[in-house]
Amino acid sequence: MTALKLTNISKHFGAIHALSGVSLSLEPAQVLGLMGDNGAGKSTLVKIIAGNFPPTGGAIQIDDREVHFAQPIDARRNGVEIVYQDLALCNNLTAGANVFLGRELQKGWGPFRILDYKKMYQRAGELFAELKSETRPRDLVRQMSGGQRQAVAIARTRLSEPRIVLMDEPTAAISVRQVAEVLNLIRRLRDHGIAVILISHRMPDVFAVADRVAVLRRGRKVADKLISTTSPEEVTGLITGAIENA
Amino acid sequence: MDITLQDTIDRQQHGAAGRLMASQTFWVFLAAIIAFAYLSVATSSFDTSQNLFNVARNCAFVGIIGLGMTAVIITGGIDLSVGSVLCLAGMVAGMMMSWDYPIWVAIPCALGAALACGFINGFLIAYVHMPPFVVTLAMMSFARSVAMVLSGNQMVYQFGVDHAKMVAIGGGSTRGWFNALAASSGPDSTLSAVFTWLGQSIFIPNPAILLVLFALVFGFVFRWTRWGRHIFAIGGNEHAATLTGVPVRRIKVSVYMLSALMAGIAGILQVGWLGTITTGMGTGMELVVIAAVVIGGANLAGGGGTAFGAVVGAVLIEMIRNSLTLLGINPFWQGVFVGSFIITAVAFDRIRASRNPES
């Protein structure tokens, strides 16, 4: 079974061909590093999978079922969760509140429903523990380190039982020690059988955590290799165009 | 010592006392109590029941509107139209009653007019993405103008068949209710005597009772409902709220409608209290309300504010105004005092933030 299968995805913005004929497949519990220079089409591809906009052509399958996303909520309902580059956290709320943002648990009868703080903090605490993060559910996100903030954003994806988690540059703006923390979080997701797409500019991170690497250049997929069969030098060549295809 | 999962889950950043000390609302509350104590000792006229009655009623109008304004400010918006909406709602109620419509028709129409103003504000802000400052500035002009057109810029002081009811709602107090109860429970009965006694000893203006009830409801809603959680999320990071599936636009429309509704309620009460309406009613009210809300600890940048803070801010502002008069200080100085309080309250907030650079 494939967690995600893209067939011949293309996206045109007027005359601009942001993506042409990209096919990609991903098994459960597999981490795919998606690399490419600025403007190579990474973000466009991610936005299509996340349901931000539909592709001009091609098909998306999740768990061997064809799906069509009109809006991000459709993608979420089909088991696609996204960790945004800016993490989409509210600094003025607690870690637990951020995890449940937009999906708050309630208790009560009929129209009289109140927030179930106890249950939400309980579940958030369990998720942080699963991720082996030292984040405390009742702490305000404002006072957290970059790594803890990542943990909050990643714990949020685990609320539903997602099939695929997309991570957009999770290690771009944090310290070296926190990078290690985030890479561990990604391994935890994989251990839960979740397929992860890691969009990153940072070669060492991709080689540390990914099973496969796919390279986009000018809207086309120019390589899709197991990490064990390639090298950072080759991938760099593929990204810049020094190596045409692999 | 092992730290269990449950400890981590239950772990609070600060104890209850720490959070209290860190809250601007708490310090403003303390300031209000000190001012109250000082004024009671320093003047003979402050703690008379009639003066306290007036202070309570005046701050009730500011506080009621302040509760709605707090919701708007929590989302990171602002509503400059509340003074004009107050006037429009009062005018709609007053005009309809002067045309001999009963009060139960006039009040819903007045609140409907207020809600319509709020809907227009919210729609333009949430769906057309216009800045709240500009939209509500326009509504401030628009609503007062409609009130003028409606009344031909005349003063209205006759409210038709239900004149007495209107005056009783806005101008009445617990004393009135208890006296009515005493009268209806038969002359010379024990019950009647009890009600008469209650009426003599408890003397609270209706608007102040409503303020307390509304404050309790708002406080509950802010903390315990999804809607409450979502307005804080929108104020904290609107983009994040959108991405996580919070219905941001609908909630924004709802807060502006709520703010207008509260202004409308205050307008009806004020008409009942004054017994007249002029098109100048509520002029400058928006600034007093915003000042009260900010003094009470709401964050104009969005993401913070409490119902209690709005009430405390309103009480403090009204006490300052009242006390300056009682202390024989030229009332032209009121603005200076209110302005200084705004700056002091926000300065406290800044000092706290500089101690903790992350926040």
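What share of the 246 residues in chain A is made up of buried residues? In this predicted model, buried residues account for 47% of chain A.

**Chain A overall**

- The secondary structure of chain A consists of 8 helices and 12 strands.
- The C-alpha trace of chain A spans about 60 × 40 × 35 Å along its principal axes.
- A compact globule of 246 residues would have a radius of gyration near 18 Å, and the 19 Å of chain A agrees with this.
- Among the contacts in chain A with a separation of 6 or more, 65% are between residues 24 or more positions apart.

**A sheet in chain A**

- Strands of a sheet pair through backbone hydrogen bonds, either parallel or antiparallel.
- Chain A has an open sheet of 6 strands with mixed pairing, in the order β6-β9-β10-β3-β11-β12.
- β6 (80–83) and β12 (220–226) of chain A stand at the edges; each has a single partner strand, so one side of each is left without a neighbour in the sheet.
- On average, neighbouring strands of this sheet are turned by 20 degrees against each other, direction ignored.
- Strands β3 (residues 31–36) and β10 (residues 195–199) of chain A run parallel and are joined by 4 bridges.
- A:Gly33 has A:Leu198 in β10(A) as its bridge partner.
- Helix α6 (residues 176–191) of chain A packs on the sheet and touches β3, β9 (164–168) and β10 of chain A. The direction of α6 makes about 150 degrees with that of β10(A).
- Helix α8 (residues 232–240) of chain A also packs on the sheet, touching β3, β11 (212–217) and β12 of chain A. Its direction makes about 25 degrees with that of β11(A).

**Contact between the chains**

- The contact takes 27 residues from chain A and 25 residues from chain B.
- On the side of chain A that touches chain B, β8 (112–115) and α4 (117–130) of chain A each supply at least two residues, and α4(A) gives the most, with 5 residues.
- The residues of this side of chain A divide into 14 nonpolar, 7 polar and 6 charged.

**The largest nonpolar core**

- In soluble globular proteins, nonpolar side chains tend to be buried together.
- The largest nonpolar core has 179 residues, of which A:Leu198, B:Ile65, B:Leu88 and B:Ala89 touch the most other members.
- Helix α14 (residues 248–274) of chain B gives the most to this core, with 16 residues.
- Leaving aside residues up to four places away in sequence, B:Leu88 touches B:Ala113, B:Ala114, B:Cys117, B:Ala143, B:Val146 and B:Ala147.

Terms used
Residues numbered from 1 in each chain as written. Chains lettered and ligands numbered in written order. Predicted model: local features only at pLDDT ≥ 70, side-chain atom pairs only at ≥ 80, totals over all residues. Core = buried A, V, L, I, M, F, W, Y, C linked by C-beta atoms within 7 Å. Buried ≥ 20, exposed ≤ 12 C-beta atoms within 10 Å, placed from the backbone. Contact = placed C-beta atoms within 7 Å. Nonpolar A, V, L, I, M, F, W, Y, C, P; charged D, E, K, R; others polar. Rg over C-alpha atoms; globule rule 2.2 N^0.38 Å. Pairing = 2+ DSSP bridges. Axes fitted to C-alpha atoms, helices over the stretch in contact; angles between N-to-C directions.
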